Amino acid sequence: MTAKPVFVLNGPTLNLLGTREPEIYGTTTLDDINAMTAARAKTHGLSVDFRQTNREGELVDWLIEARERACGVILNGGAYTHTSIALYDAIKAIKVPVIEVHLSNPYAREPFRHHSYVSHAATGVICGLRAQGYEFAVDGIAALVLGGKKGKT
Ligand code: DQA
């Protein structure tokens, strides 16, 4: 087991997953996604620290915490993705890989979702694959952190 966990950080309104616009986001709850990511991480010998907040500053604090305490970050910034230079700056300030995830495909939605401040700083981006995107993001972090040593099929 790698000592440092993967931080899985979820932004505003993602606590309502399962009942929030299920035609867009699916019926999987955030608790389900927590369990899915933990199980996937375990297959790579990694653990997750899974969190959700509706506050922008708390996401910034957690990204800064990840600098020392995480081996990588999976970030679904929710609507702050499209508005927050603070998230961009925080990601730029940390060295661990950050994978941006969205359940929906923002580029197939309203024009105000077509720009992501997070994408400008993230190592990689996964969108439109609903909850499974988080599992692929864990695979991505594992590949980046563990390299050829483990987790490749
Ligand atoms: C989202 C996409 C964002 O545009 C939106 O504001 C969300 C969820 C997604 O996971 O698809 O809150 O990040």
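Modeller: Ala, Val, Leu, Ile, Met, Phe, Trp, Tyr, Cys and Pro count as nonpolar, Asp, Glu, Lys and Arg as charged, and the others, Gly among them, as polar. By these classes, the shell around the ligand holds three nonpolar, five polar and two charged residues. This is a predicted model, in which local features need pLDDT of at least 70 and side-chain atom pairs count only at pLDDT 80 or more, while totals for chains, interfaces and linings use all residues. Residues are numbered from 1 along each chain as its sequence is written, and side-chain values use heavy atoms, with hydrogens and water left out.

The shell consists of Arg 20, Tyr 25, Asn 76, Gly 78, Ala 79, His 82, His 102, Leu 103, Ser 104 and Arg 113; a residue is near a molecule if one of its heavy atoms lies within 4 Å of it. Among them, His 82 places a polar side-chain atom 2.7 Å from an oxygen atom of the ligand. For His 102, an N or O atom in the side chain is 2.8 Å from a ligand oxygen atom. Arg 113 has a polar side-chain atom 2.9 Å from an oxygen atom of the ligand. Such a polar contact is a pair of N or O atoms within 3.5 Å. Taken alone, the ligand exposes 320 Å², of which the protein buries 99%; accessible areas come from the Shrake-Rupley method with a 1.4 Å probe.

Definitions and conventions: Polar contact = N/O pair within 3.5 Å; in protein donor to acceptor, adjacent residues only side chain to side chain.
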